[in-house]
Amino acid sequence: MLSFSKKSKGFFIDINGEAALMARTSAPEAPMVIEEIREVPVADEAALQRAVKELPNTRSSGYLHASCGVYLPHRIVRRVTLDLKRIKETDYFREICTQQFRLEEDKCVIAVLNAADGSDFDATKATTQKEVIFTGGTNDEILAKQEKLLSLGVFPERLEIGTLAVLGALMNFHAFAQLKSPTLMLELDADSTQSFVIGAGGLDVSRSIPHGFEAMISVVQKELNLKDEESARKLFYSNTFDFTNMGGVLTRKVLKELQSLIGFYEVQTGQSIGQVLCTQMPPKLAWLGGSIAKELGVEALKLDYVDWLKSRGITFASSVEPSGLDGRWLAVFGLMTFYDAAPAAKK
């Protein structure tokens, strides 16, 4: 049996609302080969612990050291236009957090990044760069995610908001694929939808929509004449009924907000959304992504993981089949990649 040094392998784990997506690589940084991938339902904690233990681990501590992506229930990932005249004011950033995001400074962790490339914002060097991303969350939610990972046997060497990993990866893919029009990225969960517009200049728009999967349950009940919402919920998540033809009706509330967002964006920029990507859609609800794209009159973005990752020095082992990997895996691959250099354009 081959023996590896402590730094010989890389481990990456993204835990969303439905599943834990795991990857083992030949090295912790590129160039590297993706040797193994796994998907485990988050509801099955015993299966999660087994999956972690089955990944090769040389750490004497017994913990699997990994780069981890998590999704805080009240995560902040918002684009903000700064008032350059106030940047040097001591309380300016605190004011944004408390007034716009309603966060208490001593109870949260917030980072400020440049919207164009995700690099750290430096107020002392700011002159004309006023478009930034405020991101972070409350200490309690961050601590809860850390404790959950530790209970699974995972030590998070790097803990990142999964949304940021996806945005960084999508920006890089956008440049690699030389997409001519902006991309609408959506994170749907039970009670809300996080929406983002990625353009040639980085993150152009971010907005939280107060409607998610649960807003569709009452519609299912009404349209199918079911006795209660619980019956509708079980049917909706079961994948035993074809809801494709009902897509426009089910997503009406979300679509209304998205159409408003897109309309405003197109008027402001003169650019039209060209494609949409849903990054956290559970496999049983994968049809929703296509339905949303159809109702918006755009294409669903097709991700070429093989060529894009190859441009970043990352390849797949022959035992790993990448062709069936959906948009959720962009978060895992986003944890693997660093964007200090532009990608080679796709030929």
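User: Buried means under 20% relative accessible area. So is Lys9 buried or exposed?

Analyst: This is a predicted model, and in it Lys9 has 16% relative accessibility, so Lys9 counts as buried.

User: Which side chain does Lys9 meet in a salt bridge?

Analyst: That of Glu35, with 2.8 Å from N to O. Glu35 belongs to strand β3 (residues 32-41) and Lys9 to the segment before β1 (10-15), so the bridge ties together parts 26 residues apart in sequence.

User: Why would two such side chains pair?

Analyst: In general, side chains of opposite charge can pair when their charged atoms come close.

User: How many salt bridges are there?

Analyst: The count comes to 17. One of them joins the side chains of Arg158 and Glu160, at 2.6 Å from N to O. Arg158 has 24% relative accessibility, so this residue counts as partly exposed.

User: Changing topic to the backbone. Where is there a cis peptide bond?

Analyst: One runs from Ala30 to Pro31, with omega near 5°. Pro31 sits in the loop that links β2 (19-25) to β3.

User: Why point that out?

Analyst: Because most peptide bonds are trans, and most residues other than glycine have a negative phi.

User: OK, phi then. What is the phi of Arg102?

Analyst: Near 55°, which is positive, and Arg102 is not a glycine. Arg102 is placed in the loop between α2 (92-100) and β6 (108-114).

User: Is Arg102 buried or exposed?

Analyst: Exposed, as its relative accessibility is 75%.

User: Which residue just after α5 takes a positive phi?

Analyst: Asn225, at about 55°, and Asn225 is not a glycine either. The loop between α5 (214-224) and α6 (229-238) holds Asn225. With a relative accessible area of 70%, Asn225 is exposed.

User: Staying with α5, which of its residues are buried?

Analyst: Met216, Ile217, Val219, Val220 and Gln221.

User: What covers the buried residues of α5?

Analyst: The cover includes β9 (183-188), α6, α7 and α9.

User: What does Thr251 touch?

Analyst: Leaving out residues up to four places away in sequence, Thr251 touches Met216, Leu288 and Ile292.

User: Is the crossing left-handed or right-handed?

Analyst: The crossing of α8 and α9 is right-handed.

User: What is the contact of α8 with α9 like by class?

Analyst: There are 5 nonpolar residues, 1 polar and 1 charged.

User: Why might residues three or four places apart in a helix point the same way?

Analyst: An α-helix has 3.6 residues a turn, so residues at that spacing point the same way.

User: Last one, Ser291. Where is Ser291 found, and what does Ser291 touch?

Analyst: Ser291 is in helix α9. Apart from residues up to four places away in sequence, Ser291 touches Gly247 and Gly248. With a relative accessible area of 7%, Ser291 is buried.

Terms used: Residues are numbered from 1 along each chain as its sequence is written. This is a predicted model: local features need pLDDT of at least 70, side-chain atom pairs count only at pLDDT 80 or more; totals for chains, interfaces and linings use all residues. Side-chain values use heavy atoms; hydrogens and water are left out. A crossing is left-handed if the near helix is turned anticlockwise from the far one by less than a right angle, and right-handed if clockwise. Helices (H or I, at least four residues) and strands (E, at least two) are DSSP runs, numbered from the N terminus. Ala, Val, Leu, Ile, Met, Phe, Trp, Tyr, Cys and Pro count as nonpolar, Asp, Glu, Lys and Arg as charged, and the others, Gly among them, as polar. A salt bridge is a side-chain nitrogen of Lys or Arg within 4 Å of a carboxyl oxygen of Asp or Glu. Buried means under 20% relative accessible area, exposed over 50%, partly exposed in between (1.4 Å probe, protein chains only). Contact means heavy atoms within 4.5 Å.
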